[in-house]
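Here are a few exercises to work through with the model open in your viewer. Try each task before you read its solution.

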Amino acid sequence: MTKRLMRGNHVLGEAAVLAGCRYYFGYPITPQNEVPEYLSGRLLDVGGTFVQAESELASVNMVIGASMAGARVMTSSSSPGVSLKQEGISYLAGLELPAVIGNMMRGGPGLGNIAPSQSDYFQATRGGGHGDYRCIVLAPASCQELCDMTFRAFDLADKYRNPVMILGDGMIGQMMEPVEFPAAVDLATLPVKDWALTGAKGRPSRTILSLLLDPKVLENHNYKLVRKYDAVTRSETDWETHLTEDARLVVVAFGTSARIAKGAIKRVREMGLKVGLLRPKTLWPFPSQPLEELTRVVRHLLVFEMNTGQMVEDVRMAVKGQADVNFYGRPGGVVPTPEDLAHQISHYYYGAHLDEDGGSKDRLVGGLS
Amino acid sequence: MKQVFTVPKSLKPNVFHYCPGCGHSIIHRLVAQAIDDLGIQERCIGVPPAGCAVLAYNYFDVDMGEAPHGRALAVATGLKRVMPDKVIFTYQGDGDIAAIGTAETIHAANRGEKVSAVFVNNGVYGMTGGQMAPTTLAGMASTTTPSGRKPERDGAPLDLTQMLAVAKGSVYLERVAVNSPKNIMRAAKAIKKAFQVQLDGLGFALVEVLSMCPTNWKMSPVAAAEWIDKTMSQVFPLGVIKDETGYEAREGKAS
């Protein structure tokens with residue numbers, strides 16, 4: 001199959017169409033405007049529907065309606081716009097409706113700026129809206145992965161009847177890379193949604209609602225959601241390790257940060273430093289278990305994020321005090337260079353004397369038993 | 001023997017939870033009757049509001065999907081765009097459609113979404129206990145305007161339906177009431193017409209229904225019905241606000 005050189009935001013749009021999405025509702029905001037611009041034309045070519053709504057609020061509620069009707073549907077935005085969508089995302093979770101939400105993060109808080117940032121990790125992984133719920137969060141680190149994760153997002157949304165967020169940033173959305181697209185999903189092969197509101201013809205009428213006035217009934221609904229989230233955690237947690245086999249220090253980073261980290265690790269490896277990378281590909285569910293297992297052999301972690309320290313809290317919870325967890329981050333849309341990070345890594349590495357023979361004690365080989 | 005009255009097929013056999021003298025029960029009946037008359041029960045999807053009618057899905061025997069407060073017409077847009085052959089209606093109160101959902105309402109009308117909206121105006125936030133609504137009349141007491149609504153402080157009552165008339169996509173807007181048998185018959189006709197407009201694919205249709213809330217108005221049901229005639233309909237006059245359906249011209253030609 002041939003590769004196509006495409007911008008990330010266009011990749012998100014094209015992959016959505018190939019994954020069977022025929023409905024998109026959105027509102028302009030930089031740096032993701034190329035998503036609605038692309039889909040405004042592309043969806044018409046395949047008999048789909050594009051609506052530029054009056055607000056992010058309206059667009060996510062149009063998504064709710066289209067999802068109730070059983071369609072594969074998507075919206076996208078960037079940080080301030082995703083804040084506005086949180087009401088609808090809470091309802092999607094409560095109503096158990098599948099939907100895909102793209103967030104190409106920018107600097108915040110408030111209006112912030114339009115530069116790439118990872119400032120919405122908390123918002124994405126903690127729910128963001130009101131109520132006791134989880135949103136599945138996928139974090140692509142390349143245009144190819146953005147494509148593949150878009151397909152996966154629609155499948156996960158349908159499988160678990162849950163909103164799925166693709167958490168990129170201005171860098172992922174704007175950069176151009178060659179992408180190989182999988183074959184288009186045949187909509188006829190997708191499982192029938194026997195819960196959709198299609199009109200009560202030949203069956204009793206249906207309701208889709210999240211108002212459960214009896215506390216016991218709502219509690220049961222909450223526990224049902226918890227069982228679903230447990231199933232997602234067991235089956236869908238995804239991560240990548242890179243050069244961790246002999247590592248005495250492991251960088252933990254996602255998305256754009258992980259790309260920068262790979263560049264930095266290449267540089268420090270050339271200096272003889274034994275450094276690896278663990279990259280969460282799902283931010284929720286978070287790869288807590290592999291991180292905890294890693295601490296049996298590696299006692300030094302450096303969490304690197306383009307914010308002031310958000311994922312680092314999940315890393316600390318995962319390793320339960322069994323590793324020294326350091327943090328380096330740059331907020332506000334500043335994108336650190338691999339050299340910046342390499343400097344931080346080597347500072348930490350030498351400071352912890354990981355270069356000395358004694359450093360081997362920090363890698364407890366055979367310590368798994 | 002000729003049957004002259006029955007419970008509409010599109011109503012479930014449940015007892016309404018509404019207060020004595022509340023207009024919702026009557027309006028539910030009229031909507032269900034319209035659905036029956038047009039034979040669209042099997043392809044009808046309703047979107048209930050947040051408000052007293054939030055439990056409307058306990059009464060309408062059609063598919064129902066709950067919207068967040070004020071977003072019913074956005075949810076309806078999503079449903080209709082996926083299923084243009086289905087009949088979508090929203091059922092919304094004044095706070096829902098004319099305060100928190102103003103943007104969704106105006107833009108659904110402006111896009112000419114082919115959906116039917118039933119807008120129940122009782123001038124008060126009923127379910128939350130009688131706070132000021134966008135449609136609360138000047139001087140009218142509410143739990144958040146205990147000494148009466150003062151336009152210079154609280155804004156004047158908002159005539160949303162008039163505002164929708166300037167939207168190019170709205171084709172049929174009428175204000176009716178359910179406080180007397182005569183007005184109920186007129187309301188029945190208007191609601192059915194709002195569905196017909198959708199079936200004919202003409203554009204956005206909305207019927208505003210002035211409805212009694214004796215509980216929060218602190219009146220007897222009879223006094224509440226009279227108050228609509230004497231006071232409320234002076235501020236919100238009954239009648240057709242916009243009609244670009246062409247139905248009357250067609251009927252005129254036929255006769």
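**Exercise 1. Find which residues A:Thr237 touches beyond four places in sequence, and decide whether A:Thr237 is buried or exposed.**

Step 1: contact here means heavy atoms within 4.5 Å. Skipping residues up to four places away in sequence, A:Thr237 touches A:Val232, A:Thr282, A:Pro285, A:Phe286 and A:Pro287.

Before going on, note that this is a predicted model, where local features need pLDDT of at least 70, side-chain atom pairs count only at pLDDT 80 or more, and totals for chains, interfaces and linings use all residues. Residues are numbered from 1 along each chain as its sequence is written, chains are lettered from A and ligands numbered from 1 in the order in which they are written, and side-chain values use heavy atoms, with hydrogens and water left out.

Step 2: A:Thr237 sits in the loop between helix H8 (215-236) and strand S10 (239-242) of chain A; helices (H or I, at least four residues) and strands (E, at least two) are DSSP runs numbered from the N terminus.

Step 3: check accessibility. Buried means under 20% relative accessible area, exposed over 50%, and partly exposed in between (1.4 Å probe, protein chains only). A:Thr237 has 19%, so it counts as buried.

Step 4: look at the side chain. The side chain of A:Thr237 reaches the backbone oxygen of A:Thr233 at 2.6 Å.

**Exercise 2. Work out where A:Gly173 and A:Leu111 lie, and sort each as buried or exposed.**

Step 1: A:Gly173 belongs to helix H7 (residues 170-174) of chain A. Its relative accessible area is 0%, so A:Gly173 is buried.

Step 2: leaving out neighbours within four places in sequence, A:Gly173 is in contact with A:Arg7, A:Gly8, A:Asn9 and A:Met104. A:Thr30 is 143 residues from A:Gly173 in sequence, with a C-alpha to C-alpha distance of 9.9 Å.

Step 3: A:Leu111 is in the loop between strand S5 (99-105) and helix H5 (121-125) of chain A. With 68% relative accessibility, A:Leu111 is exposed. Its C-alpha lies 9.8 Å from that of A:Gly81, 30 residues away along the chain.

**Exercise 3. Take the salt bridge between A:Arg72 and A:Asp155, then that between A:Lys193 and A:Asp158, and say which parts of the chain each one links.**

Step 1: the rule asks for a side-chain nitrogen of Lys or Arg within 4 Å of a carboxyl oxygen of Asp or Glu. Over all chains, the structure holds 33 salt bridges.

Step 2: A:Arg72 and A:Asp155 meet at 2.9 Å, N to O. This pair links distant parts of the chain, 83 residues apart: A:Arg72 is in the loop between H3 and strand S4 (73-77) of chain A, and A:Asp155 is in helix H6 (residues 143-160) of chain A. A:Arg72 is buried at 6%, whereas A:Asp155 is partly exposed at 41%.

Step 3: A:Lys193 and A:Asp158 meet at 3.0 Å, N to O. A:Lys193 lies in the loop between strand S8 (176-179) and S9 of chain A and A:Asp158 in helix H6 of chain A, so this bridge ties together parts 35 residues apart in sequence. A:Lys193 is buried, at 17% relative accessible area.

**Exercise 4. Describe the interface of chain A and chain B by its contacts, its buried area and its salt bridges.**

Step 1: 34 residues of chain A are in contact with 32 residues of chain B.

Step 2: buried area is the accessible area (1.4 Å probe) that two parts lose on being put together, summed over both. Between chain A and chain B that comes to about 2500 Å², with carbon and sulfur atoms giving 62%.

Step 3: the rule finds 3 salt bridges across the interface. A:Glu87 and B:Arg71 form a salt bridge through their side chains at 2.9 Å, N to O. On the side of chain A that touches chain B, H3(A) gives the largest share, 8 residues.

Step 4: look for strand pairing (two strands pair if DSSP finds at least two bridges between them). S9(A) and strand S2 (residues 63-65) of chain B run parallel, joined by 2 bridges. A:Ile208 stands opposite B:Gly65 in S2(B).

Note on methods
A polar contact is a pair of N or O atoms within 3.5 Å; within protein, one must be able to donate a hydrogen and the other to accept it, and residues adjacent in sequence count only if both atoms are side-chain atoms.
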